[in-house]
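Visitor: I'd like a close look at a single part of this model. Could you walk me through it?

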Amino acid sequence: MPQLVKPDARYQTSFLEAVREAQADGSGLPDTMGFDVPAIAADFPTFLSSLRRYEPGNELPEGFVNSEYLWLVEGDTYLGRVSIRHTLNERLREFGGHIGYEIRPTARRRGHATLALRLALARAHDLGIERALVTCDVENIGSRAVIEANGGELEGEFTVPDHDRPLRRYWVPTA
Ligand SMILES: CC(C)(COP(=O)(O)OP(=O)(O)OC[C@H]1O[C@@H](n2cnc3c(N)ncnc32)[C@H](O)[C@@H]1OP(=O)(O)O)[C@@H](O)C(=O)NCCC(=O)NCCS
């Protein structure tokens, strides 16, 4: 059964394969698409530290909130990841929300995102979030299904500055 774990060197090989997959088919989230695979492979501990840079206890850049990355893994295999924002700012309230997720291309259509969001909601509940805001593009049918399978209630469809496609905002109970 896949589980959410803190990013760890144990998954390095599989994680880097997954990033290459997403970059090859162009379907990853923007940060994944921008990862410099050779540089990350050359110094994985520094990369892992960079993933922890917005966790509580670190000084945050202006306009940032505390957040954390968790990886969905099974055995030594990296399947995908979630990001959990501990609070919302004005921008995240419009677009981005509390939780984002991505599943590697070769592991899609097997229920992993539905599970990853369910596990992320449990973590959000532990962080004191009672209803999580989750947003997705209107045309992202897969993500809509994932949110609705987790009990998401639609707030509406919106267009926001600096995002060229209409999006949906859902509120999802974490309990
Ligand atoms: C969207 C994404 C997370 C879905 O991951 P996944 O692991 O394939 O999702 P699941 O297997 O849990 O699928 C859940 C439901 O969505 C449906 N679904 C998933 N991808 C779909 C697609 N591309 N088109 C239509 N339906 C899709 C599944 O069939 C399933 O529906 P079901 O209840 O009828 O079986 C994945 O495609 C992805 O990582 N995309 C790129 C990043 C991204 O869009 N992240 C979300 C940002 S809001």
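Visitor: Which residues does Val-146 touch, not counting residues up to four places away in sequence?

Guide: A quick word on the ground rules: this is a predicted model, where local features need pLDDT of at least 70, side-chain atom pairs count only at pLDDT 80 or more, and totals for chains, interfaces and linings use all residues. Residues are numbered from 1 along each chain as its sequence is written, and side-chain values use heavy atoms, with hydrogens and water left out.

Leaving out residues up to four places away in sequence, Val-146 touches Tyr-101, Ala-113, Thr-114 and Leu-117 (contact means heavy atoms within 4.5 Å). Val-146 counts as buried because its relative accessibility is 8% (buried is under 20% relative accessible area, with a 1.4 Å probe and protein chains only). It belongs to helix H7, residues 141-149 (helices are DSSP runs of H or I, at least four residues; strands are E runs of at least two; both are numbered from the N terminus).

Of the 20 residues around the ligand, Ile-103, Arg-109, Gly-111, Thr-114 and Asn-140 come nearest (near means a heavy atom within 4 Å). Thr-114, one of the residues Val-146 touches, has a polar side-chain atom 2.6 Å from a ligand oxygen, and Asn-140 has one at 2.8 Å from a ligand oxygen (a polar contact is a pair of N or O atoms within 3.5 Å). Besides H7, two or more shell residues each come from strand E4 (99-103), helix H6 (112-126) and strand E5 (131-137).

Note on methods. Buried < 20%, exposed > 50% of the residue type's maximum accessible area, 1.4 Å probe, protein only. Polar contact = N/O pair within 3.5 Å; in protein donor to acceptor, adjacent residues only side chain to side chain.
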